[in-house]
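Morning, everyone. I have one structure to show today. Please look at it on the screen while I talk.

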Amino acid sequence: MVDTHTHLYMDSFSKEDPDGCVAAVDRAVEAGVELMVLPAVDRESATEVAALHALRPDRTRTAMGLHPTEVGEDWHEELDDIVAILAPTSPVAIGEVGIDLYWDDSNLGQQKEAFTAQLIMAERMALPVIIHCRDGVEECCECIEEAKAQTSGSLPPLVFHSFTGSPDDVRRIRQVCDPYFGINGVVTFKNSGSLPDAVKEIGIDRLLLETDSPYLAPVPKRGRRNESSYLTYINDKVAEILGLPPAETDRLTTRNAKTFFRI
């Protein structure tokens with residue numbers, strides 16, 4: 001399996017044990033997760049991503065981007081710093097980037113500007129994009145269209161990470177692009193809403209698995225700190241929804257991940 005989105009570098013893994021981040025990687029490998037993609041969200045996290053990757057370069061890959069909730073007046077300079085820190089690690093994606101209107105919509109203009117700029121940067125660098133979209137499907141679609149207009153008309157592969165939307169959201173997004181969708185522990189929750197139907201709408205060929213750890217631990221680990229070793233629970237639930245053997249879901253989503261990230 002490939003955990004396509006995990007923040008194992010965060011202090012929730014290291015604050016009690018200096019080797020906690022590495023130990024979390026090793027537990028995931030023991031559970032059958034062969035690779036973990038570590039996306040940066042800001043300047044500080046970029047340094048943490050690079051440090052963990054240096055300790056487990058065979059099991060981790062990096063991604064560089066500025067998260068929408070971290071976009072401020074100096075976002076250009078912060079993005080430049082993130083790229084400078086992570087470029088030597090050979091990132092496999094730009095991310096995580098996008099639109100987040102859940103916490104604060106007062107800087108929507110800056111969020112859209114930063115997201116569009118990073119989509120264009122991804123096209124220039126020929127890297128796929130990990131998209132964070134929270135309460136912002138329409139705004140994300142607008143930025144994708146704008147980026148396409150400013151480039152060759154096509155963008156690198158995109159993934160809407162931590163996707164918890166509806167089948168209608170899937171269909172709306174597909175009007176502007178043909179992305180992958182990252183499914184995490186929310187799919188195992190009793191109150192996951194229409195997400196199981198969305199998984200069916202997406203189909204196995206466009207699904208990626210992720211934990212988004214340390215957040216959103218899947219059942220039966222819900223309420224705990226999440227980690228990449230729990231990816232198997234997400235795989236099993238997706239297999240149940242699609243009526244596939246878990247081994248087949250594992251094989252196909254791993255194939256999708258390696259295709260998307262060119263691993």
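I will go through a pocket, a helix pair and a salt bridge.

First, a caution: this is a predicted model.

Let's start with the pocket. The largest pocket holds about 890 Å³ of space. How many residues line the largest pocket? The count is 33. Nearest its centre you will find His 67, His 132, Arg 134, Asp 212 and Tyr 215. Where does the lining come from? At least two residues each are supplied by helix H3, at 43-55, strand E4, at 93-100, and strand E5, at 129-134.

Which residues meet? From H3, they are Arg 43, Ala 46, Thr 47, Val 49 and Ala 50. From H4, they are Glu 77, Glu 78, Asp 81, Ile 82, Ile 85 and Leu 86. By class, this contact has 6 nonpolar, 1 polar and 4 charged residues.

Last topic: charge pairs. Side chains of opposite charge can pair when their charged atoms come close. The whole structure has 14 salt bridges. One of them joins Glu 34 to Lys 258, with 3.2 Å between the closest N and O atoms. Glu 34 sits in the loop between helix H2 (20-30) and strand E2 (35-39), while Lys 258 sits in helix H10 (residues 246-261), so this pair ties together parts 224 residues apart in sequence.

That's it from me. Thanks.

Methods
Residues are numbered from 1 along each chain as its sequence is written. This is a predicted model: local features need pLDDT of at least 70, side-chain atom pairs count only at pLDDT 80 or more; totals for chains, interfaces and linings use all residues. Side-chain values use heavy atoms; hydrogens and water are left out. On a 1 Å grid over the protein atoms alone, a cavity is a set of points where a 1.4 Å probe fits but cannot get out, and a pocket is an open set with protein on both sides within 12 Å along at least five of seven lines; lining residues have an atom within 4 Å of a point. Grid points are joined across faces, edges and corners, and a volume is the space filled by probe spheres set on the points. Helices (H or I, at least four residues) and strands (E, at least two) are DSSP runs, numbered from the N terminus. Contact means heavy atoms within 4.5 Å. Ala, Val, Leu, Ile, Met, Phe, Trp, Tyr, Cys and Pro count as nonpolar, Asp, Glu, Lys and Arg as charged, and the others, Gly among them, as polar. A salt bridge is a side-chain nitrogen of Lys or Arg within 4 Å of a carboxyl oxygen of Asp or Glu.
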